[in-house]
Amino acid sequence: MEERLQKVLAQAGVASRREAEKYITAGRVKVNGKVVRELGTKVDERAYIQVDGKPVKREHKVYLLFYKPRGVVTTMKDPEGRRTVADYVRDVPERVFPVGRLDYNTEGLLLLTNDGDLAQAMMHPSHGVNKTYEVTVPGIVPEAKLDQLRLGVPLEDGMTAPAVVQLAQYDHDKNLTHFTVTIHEGRNRQVRRMCDYIGFPVRTLKRVKMGSLTLKGLGRGRCRDLDPDEVKALKKACGLHD
Ligand code: URA
């Protein structure tokens with residue numbers, strides 16, 4: 001994929017886009033051995049870029065969809081020696097990191113990337129992407145309680161934004177209620193705390209959707225690359241433009 005030279009320089013961490021533009025017009029940037037001063041210049045992945053004669057190391061952007069199992073910490077290293085996300089991406093050469101987090105006992109969809117811009121945009125509260133969770137709680141949950149979740153509940157860090165809550169079913173034999181919650185905020189342990197508030201502590205929690213991404217076809221503990229259209233849609237959903 002071809003991209004503007006100043007963007008490539010910014011992504012490689014050489015300078016901000018604006019600074020990189022100055023480098024270009026000042027004649028400090030070479031592409032495949034030739035000085036380039038044109039700001040609109042586009043380059044592909046194979047272009048050999050130098051700034052002040054020094055080669056620019058370009059990191060390939062990686063976007064992985066991971067089905068995190070329960071009992072895995074959403075970090076790349078755990079001082080307590082528990083299983084981490086890093087244990088599942090040992091053969092990925094790029095230095096990917098998780099976008100946001102899932103609790104140790106929550107399973108489901110997690111995005112891993114080395115694209116700091118996307119990670120930052122996705123976690124920004126003003127354009128948080130919709131996230132859907134399958135929730136199981138013990139007992140029968142009255143509709144009025146689900147309505148409270150729909151309207152927003154007061155947590156210690158403020159009211160939650162309205163949520164979409166859909167009752168799935170009540171399992172008589174196990175005395176469990178299953179429902180889904182869709183939120184766009186990403187506060188710490190948010191769904192668990194919302195359910196605590198209505199008096200139905202979570203038994204199991206699974207994130208099944210993020211933006212338009214789902215767990216479909218992905219086994220527990222497995223990863224897959226996003227395809228370019230999925231990356232594009234995700235960037236658009238959180239207000240990033242190429
Ligand atoms: N809400 C929670 O309570 N836990 C998670 O892991 C994600 C959302």
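Guide: In this predicted model, the residues that surround the ligand are Leu102, Asp103, Thr106, Tyr133, Arg189, Gln190, Val191, Arg192 and Leu205. Sorted by class, this shell consists of four nonpolar, two polar and three charged residues. The largest contribution to the shell comes from helix H5, which spans residues 190-197 and supplies three residues.

The side chain of Asp103 has an N or O atom at 2.7 Å from a nitrogen atom of the ligand. Val191 takes part through its backbone: one of its backbone N or O atoms is 3.2 Å from a nitrogen atom of the ligand. Gln190 also takes part through its backbone, with an N or O atom 3.4 Å from an oxygen atom of the ligand. On its own the ligand has 230 Å² of accessible area, and the protein covers 96% of it. The site itself is the second largest pocket, and that is where the ligand sits.

Glu107 belongs to strand E9, which covers residues 107-113. Glu107 counts as buried because its relative accessibility is 12%, and the cut-off for buried is under 20%.

Gly217 gives a contrasting case in terms of exposure. Gly217 lies in the loop that runs between strand E16 (213-214) and strand E17 (223-225). With a relative accessibility of 85%, Gly217 counts as exposed, since the cut-off for exposed is over 50%. Relative to Pro142, Gly217 is 75 residues away in sequence, and the two C-alpha atoms are 33 Å apart in space.

For the setting of these parts, consider the protein as a whole. The chain has 242 residues, of which 45% count as buried. Its secondary structure comprises six helices and 17 strands. Taken along the principal axes, the C-alpha atoms fill a box of roughly 70 × 35 × 30 Å.

Conventions. Residues numbered from 1 in each chain as written. Predicted model: local features only at pLDDT ≥ 70, side-chain atom pairs only at ≥ 80, totals over all residues. Heavy atoms only, no water. Near = heavy atom within 4 Å. Polar contact = N/O pair within 3.5 Å; in protein donor to acceptor, adjacent residues only side chain to side chain. Areas by Shrake-Rupley, 256 points an atom, 1.4 Å probe, with all protein chains shown as cover. 1 Å grid on protein atoms, 1.4 Å probe; cavity = no way out; pocket = protein on both sides within 12 Å on 5 of 7 lines; lining within 4 Å. Sits in = over half its atoms within 2 Å of the grid points. Helix = DSSP H or I, 4+ residues; strand = E, 2+ residues; numbered from the N terminus. Nonpolar A, V, L, I, M, F, W, Y, C, P; charged D, E, K, R; others polar. Buried < 20%, exposed > 50% of the residue type's maximum accessible area, 1.4 Å probe, protein only.
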